[in-house]
Amino acid sequence: MQLAQRIKSIKPSPTLALNARAKALAAQGVDVAGFVAGEPDFDTPEFIKQAAIDSLKAGFTKYTPTAGIPELREAICAKLQRDNQLTYAPDQVLVSVGAKHSLYNIFQALLNEGDEVIIFTPYWVSYPDMVLLAGGKPVFIETREENGFAPDPEAIRRALTPRTRAVVINSPSNPSGAVFSRAALEGIAAAVRGHDCLIISDDIYEKLLYQGEFLNIANVAPDLFPRLVVVNGMSKAYSMTGWRLGYAAGPKPLISGMQMIQDQSTSNPTSMVQKGAVAALKGPTEFITKMVEEFRARRELIVSGLNALDGVRCRTPEGAFYVFPDVRGLLGRTYKGAPVGTSSRLSEILLDDFRVAVMPGAPFGAEGFLRLSFATSREVIQKGLGRMRDFVAALS
């Protein structure tokens, strides 16, 4: 069978593939210390689940408007005003099947063949492939750990061309956990201000913050608000990953175009999930505070443990639930007589021989690093660190 040419330009999601492999081993009874999954290990709060249950019992099981029920879009507008000081009308909001779907819709509605999208490295693995699927060209700007993974404004200026249609900002970041400071956002704003391109702000980790303050670029550069599209969702802050509910808010012409894409793909998000999202956005937030405090403790545990390993250096992330250690000090060493060589080979050795599942840095655009999620128990973190110590001791 001959498949579409576009399939040849993209790769399977490495995070999903590795997570599936780790889960398959666990299903066979293998004790795997897993640091791959990008989802909170906390249950969805009961009041959110109850809202969805109540809607099921009330018969709320039919199609809804593609863009989402009015009540939910109004709740999203209220949230954006309350938490982010961003003013949107309900017809500027599109509710989708996860924030990932929102991003996919953006690129499909925005890009023509050969259009460029600026992406900062390290990046979430799906950004480049989504751009490629829309016929676009990812343009990468390398950032440096010693600068907090903040992009150099001059590098942005050099990367901008007449074909640049968008710049993607993800803060707090997957995979690095870095949070862009006010100065970093002002630098990005200054670089793009004279260029007519969209700014895509992926704010999915905004509530998972351990120091400083969360700022959207429009908070520091209000003049760029007309060119901003905000992407967010329920997965991370509300521990609703499997519910698949995200949203985008932005210029009405773009949102209308995204809705047309969604009209012909998924149409509306699941009806009862939308009711759960309304409850989440309008309900109490104490559980978020408790979850963040537990993540903070795990962050300290995993950062200190990784920094104690010879050949590993780990920066303390300001947000999200990932650490992104520099393991270049391990790659030149040998294991069982052969050089470790790459982050991908390192992750294979850790899973195959030490039963530790971590993501290599290469799929995130950062060879020489690993990504570990600390959205797992302290017990698993301690176990995984112990096995990684055994691995380092086995190197020569």
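A residue counts as buried when its relative accessible area is under 20%, as exposed when over 50%, and as partly exposed in between (1.4 Å probe, protein chains only). With that in hand, welcome to a predicted model, in which local features need pLDDT of at least 70, side-chain atom pairs count only at pLDDT 80 or more, and totals for chains, interfaces and linings use all residues. Residues are numbered from 1 along each chain as its sequence is written, and side-chain values use heavy atoms, leaving out hydrogens and water.

- Strands are DSSP runs of E with at least two residues, helices are runs of H or I with at least four, and both are numbered from the N terminus.
- Two strands pair if DSSP finds at least two bridges between them.
- Strand E2 (residues 93-96) runs antiparallel to E8 and is joined to it by four bridges; Ser 96 has Gly 246 as its bridge partner.
- Strand E7 (residues 228-233) is also antiparallel to E8, again with four bridges, and Val 231 is partnered with Ala 248.

**A three-strand sheet**

- Three strands form an open sheet in the order E9-E14-E13, with antiparallel pairing.
- Strands E9 (322-323) and E13 (359-360) are at the edges with a single partner strand each, so one side of each has no neighbour in the sheet.
- Two bridges link E13 to strand E14 (residues 370-373) in the antiparallel sense, and Met 359 sits opposite Arg 371 of E14.

**Helix H5**

- Six of the eight residues of helix H5 (residues 126-133) are buried, which leaves the helix mostly covered.
- Those buried residues are Ser 126, Tyr 127, Pro 128, Asp 129, Met 130 and Val 131.
- They pack against several elements, including helix H4 (99-110) and strand E3 (116-121), where contact means heavy atoms within 4.5 Å.
- After H5 comes Gly 135, with a positive phi near 85°.

**The protein as a whole**

- The secondary structure comprises 14 helices and 14 strands.
- Of the 396 residues, 58% count as buried.
- Among contacts between residues at least 6 apart in sequence, 75% join residues at least 24 apart.
- Along its principal axes, the C-alpha trace spans about 60 × 55 × 55 Å.
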